Amino acid sequence: MGTLTIGCFPGLVGNMSYDFALKLAEAAVNKGHKVNIWLSGNATGSVKAHQKHLKDYSTGEKYLKALLEKGVEICTCEACTVARGIQKTEGIEKLQWNAMHWYLAKIHGSDRVLQIGGE
Amino acid sequence: MKLAVFVSDFKLASDTLDRLKADKLGIIFVANGVYHATTKENGKASALLDKAPNLYALSEDIQTRGMNDADVDKRVKVVNYGDVVDIIFNEYDKLAWL
Amino acid sequence: MGDVKLAYIVQKPQYKGETSRLAITHAIAYQTVEILLEDGDTVTPTLCFVGEGVLGLQKGQKAMDLYGITSTESHIKNSLLVDLDVLVCKEDLAKYGIPEDAMPDADDMGADKKIKVAPFSEIQKAMEDAKHVLFF
């Protein structure tokens, strides 16, 4: 089994690349791989807890929580997140907050890296 | 290098792809990129289908858009998310998202 | 595991979207990654600008004056200051009519490192030499 690190930069709402990142992560962890997800740019808007799932919009929270339960490590870029007005106390539990070097450190130990750029 | 390129748009991808060289190059069509595998513009198949011998398109994204396997060009293998995981771990060593 | 080489390929122009800027700041972050790694482990990115990614690199940017944000020029200078290898595609500069001497340097900050205007073949080699490639 290998380690896959996904850098996810697109926003949750308005861009289905975010959905792709989470579905790929789920498929990889279901096959027994170790998966890390780094959220940066507009993707960091998805870490706020208590999201209302309106069916016209993708939802992040329940999928992020499910991935966390499966052992996926998920970390949000702290600077990107607070720049969007979200504080750590408002975030989804067990989701990590760190600086960009977290992503690079995870890449260091990864067999595969998929960097999904945003807008 | 063995490079798998994810193409997620119908336009905008060929400029970069034209120049990439790899010992083994695969293209995985996802999101709106699946139109490369399903759609003929003015009757002509996407030029990207000539760029690599190994072509894949994501079943979930084809079906989401109201199409099915029968709409996919014969050169393209239809795969699901689980297949994509196997492809990127077993057949390629580097990944690019365009 | 030692050093892991990365190739960052920036193919989108600066300023409208955030991705191309985040490529630079994520590359600069290599400087502090060692605090999360074992002794002797390092990450070395090479920052490469190709296609429309060569747009928005010129010196003389006034983003701070006009929009109150750090300019790409400033980020590039910081990249040079922390000794990142920065490659800008020669063919693409020519394609867009941007003179090579329009590229910034960080001489005023005391950096020895310079931007290297390089043929695409050299950027291709950076991708081949890297363990992972990251497209922005």
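**View 1. Contacts and overall build of chain B.** Among the contacts in chain B between residues at least 6 apart in sequence, 59% join residues at least 24 apart, where two residues are in contact if their C-beta atoms, placed from the backbone, lie within 7 Å. This is a predicted model, in which local features need pLDDT of at least 70, side-chain atom pairs count only at pLDDT 80 or more, and totals for chains, interfaces and linings use all residues. Residues are numbered from 1 along each chain as its sequence is written, while chains are lettered from A and ligands numbered from 1 in the order in which they are written. Chain B has 4 helices and 5 strands, which from the N terminus on run β-α-β-α-β-α-β-α-β; helices (H or I, at least four residues) and strands (E, at least two) are DSSP runs, numbered from the N terminus.

**View 2. Helix 4 of chain B and its buried residues.** In helix 4 (residues 81–90) of chain B, the buried residues are Tyr81(B), Val84(B), Val85(B) and Ile88(B); a residue is buried if 20 or more other C-beta atoms lie within 10 Å of its own, with C-beta atoms placed from the backbone. These residues cover an arc of only 100° around the axis, which puts them on the same side of helix 4 of chain B, the arc being that of the directions from the helix axis to the C-beta atoms. An α-helix has 3.6 residues a turn, so residues three or four places apart point the same way. Of the 98 residues of chain B, 40% count as buried.

**View 3. The largest nonpolar core.** This core has 105 residues, and those with the most contacts inside it are Tyr8(C), Cys48(C) and Val88(C); a nonpolar core is a set of buried Ala, Val, Leu, Ile, Met, Phe, Trp, Tyr and Cys residues joined through C-beta atoms within 7 Å. Helix 1 (residues 17–30) of chain A gives the most to this core, with 7 residues. Not counting residues up to four places away in sequence, Cys48(C) touches residues including Ala7(C), Tyr8(C), Leu87(C) and Ile123(C).

**View 4. Where chain C touches chain A.** The contact takes 21 residues from chain C and 18 residues from chain A. On the side of chain C that touches chain A, strand 1 (3–10), helix 1 (19–28) and strand 5 (132–135) of chain C each supply at least two residues, and helix 1 of chain C gives the most, with 4 residues.

Technical notes
A residue is buried if 20 or more other C-beta atoms lie within 10 Å of its own, exposed if 12 or fewer, and partly exposed in between; C-beta atoms are placed from the backbone.
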